[in-house]
Amino acid sequence: MNIIAVHGLKGGVGVTTVVANLAAAIHAQEQPVLAIDLCDQNSLRLHLGMSFTDESGYAVQIEQKQPWSQAAYQNHQGIAFLPYGQDP
């Protein structure tokens, strides 16, 4: 398993967009991918087709003492992702 971590030095420079497109490119090569959003802005989910009003994510699961893995999604293209979620 390979891990690619992308970190921005400041907000607003397009890191989330890069992660979404990188996940799509890896998926297009028929490789498994799981994109994890570690930013509390919770924006990766929007790039991958999750509803704006859906605030679920692993931060919510952890706060509710539920398994974080229950917050994983798969979009219509088949890209798996784990949104941060809206802080409770």
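Leucine 34 has alanine 80 as its bridge partner, and that alanine belongs to strand E3. The pairing is part of a predicted model, and it makes a handy way into the fold. Three bridges join E1 to E3, which covers residues 80–82, and these two strands run parallel.

**The chain as a whole**

- Starting at the N terminus, the elements follow the pattern α-β-α-α-β-β.
- The radius of gyration of the protein chain is 13 Å, close to the 12 Å that the globule rule gives for 88 residues, so the chain is as compact as a globular protein of that length.
- Along its principal axes, the C-alpha trace spans about 35 × 30 × 25 Å.
- Of the 88 residues in the protein chain, 28% count as buried.
- Among contacts with a separation of 6 or more, 53% are between residues 24 or more positions apart.

**The largest pocket**

- The volume of the largest pocket is about 1,100 Å³.
- This pocket is lined by 33 residues, and the closest to its centre are Ile4, Ala5, Val6, Val19 and Ile36.
- Two elements give two or more residues to the lining of the largest pocket: helix H1 (15–28) and strand E1 (34–36).
- H1 provides the largest share of that lining, with seven residues.
- Sorted by class, the lining of the largest pocket holds 20 nonpolar, 11 polar and two charged residues.

- Glutamine 61 sits in helix H3, which spans residues 58–63.
- Is glutamine 61 buried or exposed? Its relative accessible area is 12%, under the 20% cut-off, so glutamine 61 counts as buried.
- Leaving aside residues up to four places away in sequence, glutamine 61 touches Gln66, Pro67, Trp68, Gln70 and Ala71.
- Histidine 47 is in helix H2, made up of residues 44–47.
- With a relative accessible area of 41%, histidine 47 is partly exposed.
- Which residues does histidine 47 touch, not counting those up to four places away in sequence? Its contacts are Thr16, Thr17 and Ala20.
- Histidine 47 and glutamine 31 are 16 residues apart along the chain, and their C-alpha atoms are separated by 19 Å.

**Two loop residues with positive phi**

- Glutamate 30 lies in the loop between H1 and E1.
- Phi of glutamate 30 is near 60 degrees, which is a positive value in a residue other than glycine.
- Glutamate 30 has a relative accessible area of 73%, over the 50% cut-off, so this residue is exposed.
- Lysine 65 is found in the loop between H3 and E2.
- For lysine 65, too, phi is positive in a residue other than glycine, with a value near 60 degrees.
- Lysine 65 is exposed, and its relative accessible area is 75%.

Technical notes: Residues are numbered from 1 along each chain as its sequence is written. This is a predicted model: local features need pLDDT of at least 70, side-chain atom pairs count only at pLDDT 80 or more; totals for chains, interfaces and linings use all residues. Side-chain values use heavy atoms; hydrogens and water are left out. On a 1 Å grid over the protein atoms alone, a cavity is a set of points where a 1.4 Å probe fits but cannot get out, and a pocket is an open set with protein on both sides within 12 Å along at least five of seven lines; lining residues have an atom within 4 Å of a point. Grid points are joined across faces, edges and corners, and a volume is the space filled by probe spheres set on the points. Helices (H or I, at least four residues) and strands (E, at least two) are DSSP runs, numbered from the N terminus. Ala, Val, Leu, Ile, Met, Phe, Trp, Tyr, Cys and Pro count as nonpolar, Asp, Glu, Lys and Arg as charged, and the others, Gly among them, as polar. Two strands pair if DSSP finds at least two bridges between them. Buried means under 20% relative accessible area, exposed over 50%, partly exposed in between (1.4 Å probe, protein chains only). Contact means heavy atoms within 4.5 Å. The radius of gyration is taken over C-alpha atoms; the globule rule is 2.2 Å times the number of residues to the power 0.38.
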